[in-house]
Each structure stands twice: as structure tokens, then as C-alpha cells.
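Take a look at the model below. Then follow the text through its helix packing and its charged pairs.

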Amino acid sequence: MKTGVLPRGLSVWHPATILSTWWWSGLLPGAPGTWGSAATLPFAWLIASQLGSSYLIVAAGLAFVGGLWASSIFLSYGDEKDPGAIVIDETAGQFLTLAFVPLNIWWYAAAFVLFRVADIFKPWPASLADKRSGPFALMVDDIVAALYALAVLYSIERILGG
């Protein structure tokens, strides 16, 4: 995995940097996608606890649309197809995954892990989007990964009788 790095000429304070790196979490060393997903958890918890889990669908939509804008600017400064520092796609996918689980630390942990697994392995059709370039392809593969995570979470909930 690539460590998140800003392209030359893009300020760390540019709004597109802040959003595309989800409050700079994509610039942390190691696994930027995991950092971005983890940095989404407290925001999701706050939204779900104050407004309700259905508002996480709104947050996912806003992250998706904002991510299209922010990642297009970020991508225009470099030549990478999917820079590691851009993690707003993980934020959108993580919000969507969390929108359908109970506000419970164990369900949030399971949603986090399953989303990360689906995002890393990118089963078809997420793998199709991952082979394309541009802001839409960058964002949509994480939405598909969220749908896979949701399918597994739903199955677990049905098995447990939830």
C-alpha cells in the first residue's frame, strides 16, 4: 500500500486537500485507506447518535459528491490514478456501511472490518471501477465495497436473529 502524499503544488490547507484526505487522515503513514475509514467512525457515531442512522445515508451522499469535487482537484495536481492520500472514497463507503447497522460498538467494529476487507479485495464489480480512472471511478468502487460489506452484515444479523 502506498503512503499518502500530497502532489507538488497542492496546499495542505486547500479545501480539496482537507476533504479528499478526510481531515488529513489520508496523509498518515502506512495504510491511508484504513486511516481514512477509522477517522470516519467518530463522525458517523456523532451523526447517528444525534440525528439517527438514516442521516448516514445523507452523509455518504454528501461525501460522494464532495469527493467527486475534491478528488478531481487533487488528481489535477498529479499523475496518479488513485493516490493513496485520497480517502474521501473510504469515508463515503464507511458512512454507507454504518447507516444500516445498530449504533453499537461491536456492529461498528464489524462494519469497519468488513468494509475494509471488501475495499482491499475489491470483488467484482468493484474491481471494474478500480481499473478505470477519474473521480467517479475512484469514488464508486468504495460504494460497491460498502454494498458487499452490507450484504455480509445483513447475513450475520439474520443468523444471529437480530
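Predicted model: local features only at pLDDT ≥ 70, side-chain atom pairs only at ≥ 80, totals over all residues.

Residues are numbered from 1 along each chain as its sequence is written, and side-chain values use heavy atoms, with hydrogens and water left out.

Two packed helices are described by the angle between their axes and the distance between the axes. Here axes are lines fitted to C-alpha atoms, for helices over the stretch in contact, and angles run from 0 to 180 degrees between N-to-C directions. Helices are DSSP runs of H or I, at least four residues, numbered from the N terminus.

Start with helix 3 (residues 55-76) and helix 4 (residues 88-98). Their axes lie 8 Å apart, at an angle of about 165°. Helix 3 is therefore roughly antiparallel to helix 4 (over 145 degrees). The crossing is left-handed (the near helix is turned anticlockwise from the far one by less than a right angle; clockwise is right-handed). In helix 3, L56, A59, A60, A63, F64 and G67 make the contact; they meet I88, T91, A92, F95, L96 and L98 of helix 4 (heavy atoms within 4.5 Å). These contact residues comprise ten nonpolar, two polar and no charged (Ala, Val, Leu, Ile, Met, Phe, Trp, Tyr, Cys and Pro are nonpolar; Asp, Glu, Lys and Arg are charged; the others, Gly among them, are polar).

Now turn to helix 5 (residues 105-121) and helix 7. Their axes come within 8 Å and cross at roughly 135°. The contact includes W107, F115 and D119 of helix 5, and D141, Y148 and E157 of helix 7. Its residues divide into 14 nonpolar, no polar and four charged.

Where do the charges pair up? The count comes to four salt bridges (a side-chain nitrogen of Lys or Arg within 4 Å of a carboxyl oxygen of Asp or Glu). R116 pairs with E90 at 3.9 Å. That bridge links helix 5 to helix 4, 26 residues apart. D119 reaches R116 at 2.6 Å; both lie in helix 5, about one turn apart. D119 also bridges to K122, at 2.7 Å. D119 and K122 are both buried (under 20% relative accessible area, 1.4 Å probe, protein chains only; exposed is over 50%, partly exposed in between). Shared partners join E90, R116, D119, K122 and D141 into one network.

Finally, find G161, in the segment after helix 7 (135-160). G161 counts as exposed because its relative accessibility is 65%. Its C-alpha atom is 32 Å from that of W35, 126 residues away along the chain.

Terms used. Helix = DSSP H or I, 4+ residues; strand = E, 2+ residues; numbered from the N terminus. Parallel < 35°, antiparallel > 145°, perpendicular 65-115°, else oblique.
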